[in-house]
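Trainee: Could you walk me through this one before I set anything up?
Mentor: Gladly, let us look at the structure together.

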Amino acid sequence: MKKILIVDGGPRRAMNTAALCDAFAEGARSTSPEIVVERVRLYDLPAYKGCVSCLACKLKGRETGSCALRDGLSDVLRAANEADGLVIASPIYFSEWTAMTRAFLERLVFPWLHYTDFSVTAPKKMPLAWIYTMNAPASMMPDIRAHLSILEGAVARGLGDPAPQFVEAYATVQVKDYARYAMDGLQPDAHIAWRDAHWADDLETARTAGRAMAGKVGNGRSQDTQHGTR
Ligand SMILES: Cc1cc2nc3c(=O)[nH]c(=O)nc-3n(C[C@H](O)[C@H](O)[C@H](O)COP(=O)(O)O)c2cc1C
């Protein structure tokens, strides 16, 4: 059995980000009964914090590569470090991840970062995929990416994936009935037309990415590393 962990950092259970996570999982599962997909919703977890700068992960001789803080995120961090493939999903909030996703990323990556030579090493190598949904059109993605790229790069380096997959859905439909909300500035008709033209393709992109990750995982692209071995 090989396990793909999807960390869903969106608050809404049945909207855009969740649907792309479902499609990714469906694609991955379709490849083999040997592929297990586990889905975690960060917003369903008991209370947790971002990095509290305790520096326990930097104590000499005790650099385990995993966060020492014990709270509602601990089990997910352990699962992410032990998985065979990792998917991180978030709606874009103010050009970045949701706060819960950001807190998860801080706690995941800071223990991988060596303050000796600034290399980044996860306890295990594995393929990586990102899922994002946003109001913005594709043309604004370079501006948004500028906010994401430092941490995205650190996660990819840590996991040893030189070419992570990106599933990005633009100009999403944010509410089921725009008539109920003061949101005219978003040009709801344009979003609905975009959704009608592109959403099926977005879902298929997610399914394809799921199949691709399952293929990498099945081919043994995940492997334990000794933390500290770059
Ligand atoms: C607090 C908040 C901030 C947002 N900021 C942005 C933003 O900066 N850029 C953007 O394109 N969309 C932004 N959005 C829109 C969401 O990213 C978009 O509707 C997304 O598809 C929602 O995902 P969901 O349907 O899975 O909840 C924001 C939404 C909220 C609630």
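**Pockets, cavities and helix packing**

Mentor: Bearing in mind that this is a predicted model, I would begin with the largest pocket, which is lined by 20 residues, with Pro91, Ile92, Tyr93, Met134 and Gln174 lying nearest its centre.

Trainee: How much space lies in the largest pocket?

Mentor: The largest pocket holds about 380 Å³ of space, and its lining divides into eleven nonpolar residues, eight polar ones and one charged.

Trainee: Which helix gives the largest share of that lining?

Mentor: That is helix α1, residues 16-29, which contributes three residues to the lining of the largest pocket.

Trainee: OK, and what does α1 pack against, and at what angle?

Mentor: Helix α1 packs with helix α5, residues 188-218, at an angle of about 45°, and their axes are 6 Å apart. The angle is why α1 counts as oblique to α5, and the crossing of these two helices is right-handed.

Trainee: Which residues meet there?

Mentor: On the α1 side they are Asn16, Ala19, Leu20, Ala23, Phe24, Glu26, Gly27 and Ala28, and they meet a set in α5 that includes Trp199, Asp202, Leu203, Ala206, Arg207 and Met213. By class, the residues of the contact of α1 with α5 divide into eleven nonpolar, three polar and four charged.

Trainee: Switching topic, how many cavities of 30 Å³ or more turn up?

Mentor: A search of the whole structure finds one cavity of 30 Å³ or more. About 110 Å³ of space lies in the largest cavity, and of the 14 residues that line it, Cys51, Cys54, Cys57, Cys67 and Phe110 are the closest to its centre.

Trainee: How does the lining of the largest cavity divide by class?

Mentor: The lining of the largest cavity divides into eleven nonpolar residues, one polar and two charged.

Trainee: Back to helices, then: how do the axes of α2 and α3 cross?

Mentor: The axes of helix α2, residues 74-82, and helix α3, residues 99-109, come within 10 Å and cross at roughly 60°. That crossing angle makes α2 oblique to α3, and α2 passes α3 in a right-handed crossing.

Trainee: Which residues make the contact?

Mentor: Arg102, Leu105 and Val109 of α3 make the contact with Leu151, Ala154 and Val155 of α4. The residues of the contact of α3 with α4 divide into five nonpolar, no polar and one charged.

How values were computed. Residues are numbered from 1 along each chain as its sequence is written. This is a predicted model: local features need pLDDT of at least 70, side-chain atom pairs count only at pLDDT 80 or more; totals for chains, interfaces and linings use all residues. Side-chain values use heavy atoms; hydrogens and water are left out. Axes are lines fitted to C-alpha atoms, for helices over the stretch in contact, and angles run from 0 to 180 degrees between N-to-C directions. Helices (H or I, at least four residues) and strands (E, at least two) are DSSP runs, numbered from the N terminus. Angles under 35 degrees count as roughly parallel, over 145 as roughly antiparallel, 65 to 115 as roughly perpendicular and the rest as oblique. A crossing is left-handed if the near helix is turned anticlockwise from the far one by less than a right angle, and right-handed if clockwise. On a 1 Å grid over the protein atoms alone, a cavity is a set of points where a 1.4 Å probe fits but cannot get out, and a pocket is an open set with protein on both sides within 12 Å along at least five of seven lines; lining residues have an atom within 4 Å of a point. Grid points are joined across faces, edges and corners, and a volume is the space filled by probe spheres set on the points. Ala, Val, Leu, Ile, Met, Phe, Trp, Tyr, Cys and Pro count as nonpolar, Asp, Glu, Lys and Arg as charged, and the others, Gly among them, as polar. Contact means heavy atoms within 4.5 Å.
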